[in-house]
Amino acid sequence: MHETGEPISSKHFAPDHLTFATSYNNLAMIQQAQGDSYQSQGEFAKAKSELAGARASIERAIAIESKHFAPDHPTVATSYNNLAGICYHEGDRAAACANFKKALAIFLKHFDDNHPNVKSVRESMKNVGCGA
């Protein structure tokens, strides 16, 4: 990443290339982990900032993926699932549940109830109190 926050691949790919979606998704997961770490250390302002950055990164990933895949593609579902986790860590349970439900609905179009992705989202929904 450049200090600007843009992936180095910006020299080689258009801004809506799928490479960026992967980069933003990965960045969001790192930012979420950093936010969780700050939160456990009692540094709530830093945690809030990292989680806000994570949410913005994953939303950018979803925007890019939505240009390349059908809205019910499993890759998009994975990003909604990641967004749900970030929302939950931010304290936005309603948004977390809404995004878990989007992810689950998409996964169920492609996979049966025993698929690991379906099971994982249902477990997350249960843990957050969304119902599944």
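Phe111 has a relative accessibility of 23%, so it counts as partly exposed; that class lies between buried, under 20% relative accessible area, and exposed, over 50%, using a 1.4 Å probe and protein chains only. Before going on, a note on the source: this is a predicted model, where local features need pLDDT of at least 70, side-chain atom pairs count only at pLDDT 80 or more, and totals for chains, interfaces and linings use all residues. Residues are numbered from 1 along each chain as its sequence is written, and side-chain values use heavy atoms, with hydrogens and water left out.

On confidence, pLDDT is the predictor's score for each residue, from 0 to 100. The chain averages 89, and 92% of the residues score at least 70. Helices here are DSSP runs of H or I, at least four residues, numbered from the N terminus.

Back to Phe111. It sits in the loop between α4 (93-110) and α5 (116-128). Leaving out residues up to four places away in sequence, Phe111 touches Pro74, Asn117 and Val118, where contact means heavy atoms within 4.5 Å. Its C-alpha atom is 12 Å from that of Val121, 10 residues apart along the chain.

α4 and α5 pack with their axes 10 Å apart, at an angle of about 160°. Axes are lines fitted to C-alpha atoms over the stretch in contact, and angles run from 0 to 180 degrees between N-to-C directions. α4 is therefore roughly antiparallel to α5, a label for angles over 145 degrees. Residues making the contact include Phe100, Phe107 and Leu108 of α4, and Val118, Val121 and Met125 of α5.

Which residues touch the most other members of the largest nonpolar core? They are Tyr80, Phe100, Phe107, Val121, Met125 and Cys130, out of 24 residues in that core. A nonpolar core is a set of buried Ala, Val, Leu, Ile, Met, Phe, Trp, Tyr and Cys residues joined through side-chain atoms within 4.5 Å. α2, α3 (74-90), α4 and α5 each give two or more residues to it, and α4 gives the largest share, 8 residues. Apart from this core lies another, of 5 residues, among them Ala21, Tyr24, Ala61 and Ile64.

Last, Ser57, in helix α2 (residues 44-68). Buried or exposed? Ser57 counts as buried because its relative accessibility is 6%. Beyond four places in sequence, Ser57 touches Tyr24, Leu27, Ala28 and Gln31.

Notes: Angles under 35 degrees count as roughly parallel, over 145 as roughly antiparallel, 65 to 115 as roughly perpendicular and the rest as oblique.
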